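Open the model in your viewer and keep the selection tool at hand. Each stop below names what to select and then says what is there.

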Amino acid sequence: MGLMLVAGGAGFVGANLCRKLLATSHEVCCLDSLVTGRQSNIESLRGLPAFTFIGRDITQPLDLDIRPEVIFNLASPASPRDYLRHPIETLAAGAFGTHRLLELARRTRAIFVLASTSEVYGDPEIHPQPEAYWGRVNPIGPRSVYDEAKRFAEAMTMAFHREYGTRVRIARIFNTYGPFMRPDDGRVVSNFCWQAIHGLPLTVYGDGRQTRSFCYVADLVEALCQLPEVDHAAPVNLGNPAETDILSLAERIIAISSSQSRVTFLPLPTDDPRIRCPDIQLARSILAWEPRMSLEEGLKQTIAYFRALARGVVTD
């Protein structure tokens, strides 16, 4: 089948997406600067005839001699630790990188799929968050480098659609977890799993009553693969509407991993949202999609991945 270009394909979601596309008989070109992506995430794919890796920063000129059918733009630092460490690179990826990939999509007549984020809703006043909600974002706070980069990327994507007729799709991705997360990326599930299997204190920020909705990565990737097949340019929420508070998540991971760890509390970061939960009625309607993996089973598989990673024996 056709060529799929996955920008950010060596990252957490990108590596899972590459595997799914290859498993469904697509050719895959993985484009990644490896600022936050990892070679180890795609090492087992490097010898496959249908897989190509190009080390490239999407903010630089993309003189690529390829004609992809679909361009997936997942190229951005995505965890708070990463985008706070690389604020300028994050803004540049959202702005210049998205523009360059959209130009490539326009030139090759590819479908362009933007991996946006639930962070565009900021600290929401409407719950759960529907796509029509415009959000409540601090435009100059520390997290704004990611929030505003994605909001700009969405605006740029829709401008190409209106001005040039570029076929675009926008996925607003809510909290996702699973294999190929980095243990040091600062996201709550990877933090807790890594701390639990090493017997370290699980670091809960604030009182732990803030909520998130966790979607297993295989479920998310299934939806991303379906998006190019539907004629819908506006944003679509992709996430799990089952909500849980952070303290309960920590306790569940301790129990599943049979860890002796305890919970420790640290101050809540600036602008950290109190609640986050997707309204997925649109995804149910146009994709006939909703998450299937339970949090219990997804955490078991993720903990197993991190145990294998700690032993240095991770395989696909």
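Select R284, which counts as partly exposed because its relative accessibility is 31%; buried means under 20% relative accessible area, exposed over 50%, and partly exposed in between (1.4 Å probe, protein chains only). Side chains of opposite charge can pair when their charged atoms come close.

A note on what is on screen: this is a predicted model, in which local features need pLDDT of at least 70 and side-chain atom pairs count only at pLDDT 80 or more, while totals for chains, interfaces and linings use all residues. Residues are numbered from 1 along each chain as its sequence is written, and side-chain values use heavy atoms, with hydrogens and water left out.

Next, select D123 and R274. How far apart are the closest N and O atoms of this salt bridge? They are 3.5 Å apart. D123 sits in the loop between β5 and α5 and R274 in the loop between β13 and α9, so the pair ties together parts that are 151 residues apart in sequence. Helices (H or I, at least four residues) and strands (E, at least two) are DSSP runs, numbered from the N terminus. D123 is buried, with a relative accessible area of 16%, whereas R274 is partly exposed at 45%.

Move to R187 and D185, another salt bridge, with the closest N and O atoms 2.8 Å apart. Is D185 buried or exposed? D185 counts as buried, at 1% relative accessibility, while R187 is partly exposed at 22%. The salt bridge count comes to 18.

Now select residues 217–226, helix α7. This helix is largely enclosed by the rest of the structure, because 7 of its 10 residues are buried. Among the buried ones are V217, L220, V221 and L224.

Then look at the backbone. Most residues other than glycine have a negative phi, and most peptide bonds are trans. S25, in the loop between α1 (12–23) and β2 (27–32), has a positive phi, near 70°. S25 counts as exposed, at 51% relative accessibility. D271 also has a positive phi, near 65°, and lies in the loop between β13 (263–266) and α9 (281–287). Select H127 and P128 as well: a cis peptide bond joins them, with omega about -10°. P128 is in the loop between β5 (111–117) and α5 (144–164).

For the surface, select Y205, L266 and L268, which form a nonpolar patch with about 240 Å² of accessible area together. L268 is partly exposed, at 42% relative accessibility.

Finally, zoom out to the protein chain. Where do 10 helices and 13 strands occur? They are in the protein chain, and its C-alpha trace spans about 55 × 45 × 40 Å along its principal axes. Of the 316 residues in the chain, 56% are buried.

Technical notes: Patch = residues over 30% accessible without salt bridge, like charges linked within 9 Å, V, L, I, M, F, W, Y side chains within 5 Å. Areas by Shrake-Rupley, 256 points an atom, 1.4 Å probe, with all protein chains shown as cover. Salt bridge = Lys/Arg side-chain N within 4 Å of Asp/Glu carboxyl O.
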